[in-house]
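Please read this note with the model open beside you, and follow each point on the chain as you go.

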Amino acid sequence: MTQGAQQPPGPRWHSKGWWQAVGGIAGVIAAVVAIGAWLLPRSADGDDDQVQPPPPTSTGRVSTPPSTPPPSTPPPSTPPPTSGPPSTPPATDEPTSGPEGTVKVRWSGDFLMHNVTGVDLDQPRPTTATGPKGNWDDGDLQYWNPEARDYALYAQPMAEWDGRSAPSWADCDNALETLAIGGIVPAGGDKLCVRTTGGRTAFVTIKSAEYDNLRLSITVWET
């Protein structure tokens, strides 16, 4: 019996051709793996290749101002004191003019008067009195103790002034016309209007009274 032609046997897995195919595929896979392994480290290191900005350099200045400005020194709440006029006006030998209708001041200042002396108020500035005959009791003011009594201050005439402020020439002139006395036992704070032997008007404040002297503040008007 005649049999048909036999089919050639198919390739077996352990044949040579099969192994060549497997080797080719493995080579391709190995190449892909090698390329991937070469690319991955470079991509991981890519950030390191970028140019990084240099760190900031300290210049000693603060770029951002502080939230609270430093306190500034405030101006003094009270202005520095300024020098004012002296408590006691300096003595003047020159007549000074007052408001219209008033009498000029001939002299104003302080005077130390000793006991058993007189003061001449008609001189350009008060001096210890000598009088026409060289007598101290010719003075417009006299400080002594007649008949061994308390020392007293005498003038012919004088008038006590009890006003809170210093009198004007007109105030003293009026007091001398209406309230004249001959003398007082002086005490610190006493205020007196005096008429000089030359007819002038004076105002005298006793600043202190001691046994052997009186400290006086004197203003003498021209008339």
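1. In what follows, a residue is called buried when its relative accessible area is under 20%, exposed when it is over 50%, and partly exposed in between, as judged with a 1.4 Å probe on protein chains only. The model is a predicted one, in which local features need pLDDT of at least 70 and side-chain atom pairs count only at pLDDT 80 or more, while totals for chains, interfaces and linings use all residues. Residues are numbered from 1 along each chain as its sequence is written, and side-chain values use heavy atoms, with hydrogens and water left out.

2. How many salt bridges does a search of the whole structure find? The search finds five, where a salt bridge is a side-chain nitrogen of Lys or Arg within 4 Å of a carboxyl oxygen of Asp or Glu. Side chains of opposite charge can pair when their charged atoms come close.

3. One of these bridges joins the side chains of Arg 106 and Glu 222, with 3.7 Å from N to O. Its partners are 116 residues apart, Arg 106 being in strand β1 (residues 105–114) and Glu 222 in the segment after β9 (213–221); helices (H or I, at least four residues) and strands (E, at least two) are DSSP runs, numbered from the N terminus. Arg 106 counts as buried at 15% relative accessibility, whereas Glu 222, at 25%, is partly exposed.

4. A salt bridge of 3.0 Å, N to O, also brings together the side chains of Asp 122 and Arg 200. Because Asp 122 lies in the loop between β2 (117–120) and β3 (127–128) and Arg 200 in the loop between β7 (191–195) and β8 (201–209), the pair ties together parts that are 78 residues apart in sequence. Both Asp 122 and Arg 200 are buried.

5. Arg 195 forms a salt bridge with Asp 173, and their closest N and O atoms are 3.0 Å apart. Arg 195 belongs to strand β7 and Asp 173 to helix α3 (residues 169–178), so this pair ties together parts that are 22 residues apart in sequence. Arg 195 is buried, with a relative accessible area of 15%, while Asp 173 is partly exposed, with 22%. Salt bridges that share partners join Asp 173, Glu 177 and Arg 195 into one network.

6. Strand β9 contains Thr 219, which is buried, with a relative accessible area of 17%. Leaving aside neighbours within four places in sequence, Thr 219 is in contact (heavy atoms within 4.5 Å) with residues including Trp 107, Ser 108 and Phe 203.

7. Which residues of α3 are buried? They are Cys 172, Ala 175 and Leu 176, and they fall within an arc of 100 degrees seen down the axis of α3, so they line one face of the helix; the arc is that of the directions from the helix axis to the C-beta atoms. These buried residues pack against β5, β7, β8 and β9, whereas the face of α3 turned away from its buried side carries the exposed residues Glu 177 and Thr 178.
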